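Hi everyone, thanks for coming. Let me put the structure up on the screen, and then I'll walk you through a few parts of it.

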Amino acid sequence: MAALVVVGSQWGDEGKGKIVDLLAKDADVIVRYQGGSNAGHTVITNKGTFIFHLIPSGILYRGKVCVLGNGVVIDPGGLIGELDHLQTQGITFGKRFVISHRAHLIMPYHKAIDKAAEQAKGARRIGTTGRGIGPAYVDKMARIGIRMGDLLNPDLFRQKVQENLVEINAFLKHIHNADGFTVDLIAKEYEAYGERLRPYIADVSVALDRAMSKKQRILFEGAQGTHLDVDFGTYPFVTSSSACAGGACTGSGVGPTKIDAVLGVTKAYTTRVGGGPFVTELQDEIGQMLMTRGHEYGSTTGRARRCGWLDSVLLRHAVRTNGLTSLAITKLDVLDGAKELKICTGYRYQGKLYKEMPADLEVLQGCEPVYERWAGWATDTTGLRAYKALPMAAKRYLRRIEELTGCPMDMISTGSKREDTIVLRNPLTTSRKR
Ligand code: IMP
């Protein structure tokens, strides 16, 4: 196995961080390919608690190379803060950290536009993380974005910022009644970032090609999840990047023929942060129980996550759009003690049964879930590491997920520590016939 992509099958926060951290032990290179510091996860090891927003958590392992691909949008100040923090925790970088020359920068005005646009939307707001992600991708597509490589050429950088500010300051002032920016302040701040990040900036596509020709194992780490993908998610309540597996290719400069497998990380129930449709959402004591037991608060914004039953319509969409080859089920232990569990098998809208995700937001917002009921289990599964130790009802629930998605399960996570995992098969070191 040379290249594995790990993606979220739901709306992000599936526990990808822990699964990626576990798999990183057997990888040589770990690559982030989309999103920015809207993502966030915490890794707990015997050395302490580490919080990541941009840098792949694989950096915790000695000798692993960690990469930010061209598809990532980078807030250089935030990135340096993360580098500094990890360094104070004893993590070394050196040649182990590479940033794509082609990755776009998040500028101060992107954050200002993100916040102002959300405020202006009122009830229709998306509930963004306010990190400037959307506006940075807008500039990239509008071909006025400023890239990591531009930081290395201060004169060119300054010229690009100056050109952009003409329109951006007018937009902030006249449309949003907000303050504008001056080129001098931005140039001064970003020039210092350029000097600090210079040693890490390189051509990621070339670096990954070299690693692959040396038969190294590459782990692609998706951020957010399938249903936040700008094309296949619940548009417009999505993020602005390609969170699906295809993004691994366009966001790193590796061709699709080089990808061997795609692992879909799936929470044993469903959560979502921010606005947008959520057919299996529970606004009752069961939803509250999932939120409390699962510590369902966003690691980037601290917002409470909306919780609901597992939805196989969402998962089938994820299997298809990502070409998932296997699943990793996380947070199974959160369901311990529930008398009955429900799995959504279809949606009903105006008398019609939908087995696949409707693309139309109006339809999706009006859908009612069609459930099947499964017996829960009273046993504590926290920290279990062997499949045979699971209660029969939990095994039945898991097998039903495999049946409904048509996708085999490789891993089951039963707690927040690296070791609290049942590994049926390591998808990075073993091939599965497709
Ligand atoms: P943005 O990515 O900040 O533009 O936010 C767009 C939508 O994606 C909002 O609903 C956010 O709450 C959601 N979102 C962005 N990043 C994450 C994440 O890492 N986990 C879960 N939701 C996210």
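When I say helix or strand, I mean DSSP runs, numbered from the N terminus: H or I with at least four residues for helices, E with at least two for strands. The peptide bond from Tyr235 to Pro236 is cis, with omega near 5°.

A word on what you're looking at: this is a predicted model, where local features need pLDDT of at least 70 and side-chain atom pairs count only at pLDDT 80 or more, while totals for chains, interfaces and linings use all residues. Residues are numbered from 1 along each chain as its sequence is written, and side-chain values use heavy atoms, with hydrogens and water left out.

Back to the backbone for a moment. Asp13 isn't a glycine, yet it has a positive phi of about 60°. Most residues other than glycine have a negative phi, and most peptide bonds are trans. You'll find Asp13 in the loop between β1 (3-8) and α1 (16-24).

Asp13 also turns up around the ligand. There are 15 residues around it, and Asp13, Asn38, Thr129, Thr239 and Arg303 come nearest; being near here means having a heavy atom within 4 Å. What about polar contacts, meaning pairs of N or O atoms within 3.5 Å (within protein, one must be able to donate a hydrogen and the other to accept it, and residues adjacent in sequence count only if both atoms are side-chain atoms)? An N or O atom in the side chain of Thr239 is 2.6 Å from a ligand oxygen. For Arg303, a polar side-chain atom lies 3.0 Å from an oxygen atom of the ligand. Gly127 uses a polar backbone atom, 3.3 Å from a ligand oxygen.

Okay, zooming out. How is the chain divided? We get domain 1 (3-101 + 203-423) and domain 2 (104-199), with bounds from an automatic or database domain assignment. Their centres, taken over C-alpha atoms, are 29 Å apart.

On the domain 1 side, Val73, Pro76 and His101 supply 25% of the area buried against domain 2, more than any other three residues.

Now for the pairings across that interface. The rule finds two salt bridges there, each a side-chain nitrogen of Lys or Arg within 4 Å of a carboxyl oxygen of Asp or Glu. There are also 11 residue pairs in polar contact, both at pLDDT 80 or more.

Last stop: Thr321, in helix α10 (residues 312-322). Its side chain reaches the backbone oxygen of His317 at 2.8 Å. Leaving out residues up to four places away in sequence, Thr321 touches Thr226, Phe232 and Cys244.

Methods
Buried area is the accessible area (1.4 Å probe) that two parts lose on being put together, summed over both. Contact means heavy atoms within 4.5 Å.
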